[in-house]
Amino acid sequence: MSQVHICEVGPRDGLQNAKHMMPTAAKKAWIGALAAAGLEEIEVGSFVPPKLIPAMADTAEVVRHSLKIQNLKVVALAPNVKGFQRAVEAGAHKVTFPVSASRKHSESNVRMTPEQMVEEVRKCAQLGGAEIEGAVSTAFGCTMQGAVPEDDVVKIAVSLAQFCDAVALADTVGYANPLQVKRIFSRVKKEIGDKLEGAHFHNTRGLGLANALAAYEVGVRNFDSSMGGLGGCPFAPGASGNVITEDLVFMFESMGLSTGIDLEKLFAARKILVEAIPEEPVYGHTPLACLP
Ligand SMILES: [Zn+2]
């Protein structure tokens, strides 16, 4: 039994923000290799309008393929009821909804206020058909709005906890620092207890691992990360996307905490990623330094 649970979000968060399109066949091979390395949960795509994000147009096919992999929890993102219905139809085990705590981000990302978005997720929970995670995004700050009041984050998390199977906090734009992480996770945990499950950090300013460790120290055991820190941010040149899976696994394993993930096999999966989109920048210290 793993002591730390890692969900690979590269095929969704990474590829959605990457400059290069990964062909569907390569996505399938990559997801297979990630699962073979020991990842038991993978966010394989998002059910957003294909016109808006062409890189996610094949998500239904990728979900159906991933369902054939044994012992893999197949996760997809959906921004609304329509996306949720498509996810359930494809057979996703779990659907994640981004609910932005920043008013400006919410309106530009999903064209809804945070309150309207909470209601949208509530409707999906009532429909049923998949496990539901409400992820409070921009929980640590926002590129559009700047500071995000912590009270707003707590309020949204409390609302989501009423009907979601799990709630996560996401540092969508890489503004968080470790003290802030400890403070906000502790505040939300006090309100919703074990419903608070996941931490989603971006490594935009290099604090991804520090923030993950801070969250671990206040009891978080579920982390999102992406292989090679894939994705990046168009507004921060040279910045990687999510906290890097390879380095996150190394950190926990070197601390004696089992993740269930085999690093050598993870490097093999990285090779598939790099070969599929060779011009896309990938990051990570552990794959370059190799194992001690
Ligand atoms: Zn993200």
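Axes are lines fitted to C-alpha atoms, for helices over the stretch in contact, and angles run from 0 to 180 degrees between N-to-C directions. Helices (H or I, at least four residues) and strands (E, at least two) are DSSP runs, numbered from the N terminus. The model described here is predicted, with local features needing pLDDT of at least 70, side-chain atom pairs counted only at pLDDT 80 or more, and totals for chains, interfaces and linings using all residues. Residues are numbered from 1 along each chain as its sequence is written, and side-chain values use heavy atoms, with hydrogens and water left out.

Two packed helices are described by the angle between their axes and the distance between the axes. For helix α10 (residues 245–254) and helix α11 (residues 263–276), the axes come within 11 Å and cross at roughly 175°. This angle makes α10 roughly antiparallel to α11; the cut-offs are under 35 degrees for roughly parallel, over 145 for roughly antiparallel and 65 to 115 for roughly perpendicular, with the rest oblique. Contact here means heavy atoms within 4.5 Å. On the α10 side, Thr245, Glu246, Val249 and Phe250 take part, and they meet Leu263, Leu266, Phe267 and Arg270 of α11. Sorted by class, the contact of α10 with α11 has five nonpolar, one polar and two charged residues. In this scheme Ala, Val, Leu, Ile, Met, Phe, Trp, Tyr, Cys and Pro count as nonpolar, Asp, Glu, Lys and Arg as charged, and the others, Gly among them, as polar.

The buried residues of α10 are Thr245, Glu246, Asp247, Leu248, Val249, Met251 and Phe252. They pack against β1 (5–8), α9 (208–217), β8, α11 and α12 (286–289). Just after α10 comes Gly256, with a positive phi of about 85°.

Gly208, Asn211, Ala212, Ala214, Ala215 and Tyr216 are its buried residues, and the elements covering them include β6 (166–171), α8 (178–192), β7, β8 and α10. Just after α9, Gly219 has a positive phi of about 105°.

Asp13 belongs to helix α1 (residues 10–17) and His200 to strand β7 (residues 196–201), so the pair ties together parts that are 187 residues apart in sequence. Asp13 is buried, at 5% relative accessibility, and His200 is buried too, with a relative accessible area of 9%.

Asn242 sits in the loop between β8 (222–225) and α10, where it counts as buried at 0% relative accessibility. Its side chain makes a polar contact with the side chain of Asp13 at 3.1 Å, and another with the side chain of His200 at 3.2 Å. A polar contact is a pair of N or O atoms within 3.5 Å; within protein, one must be able to donate a hydrogen and the other to accept it, and residues adjacent in sequence count only if both atoms are side-chain atoms. Leaving aside neighbours within four places in sequence, the residues in contact with Asn242 include Val9, Gly14, Phe201, His202, Ser225 and Leu230.

Asn71, in the loop between α3 (59–66) and β3 (73–77), has a positive phi of about 60° although it is not a glycine. Asn71 is exposed, at 70% relative accessibility. Arg111 lies in the loop between α5 (103–109) and α6 (114–127); its phi is positive, near 55°, in a residue other than glycine. At 64% relative accessibility, Arg111 counts as exposed.

Notes:
Buried means under 20% relative accessible area, exposed over 50%, partly exposed in between (1.4 Å probe, protein chains only).
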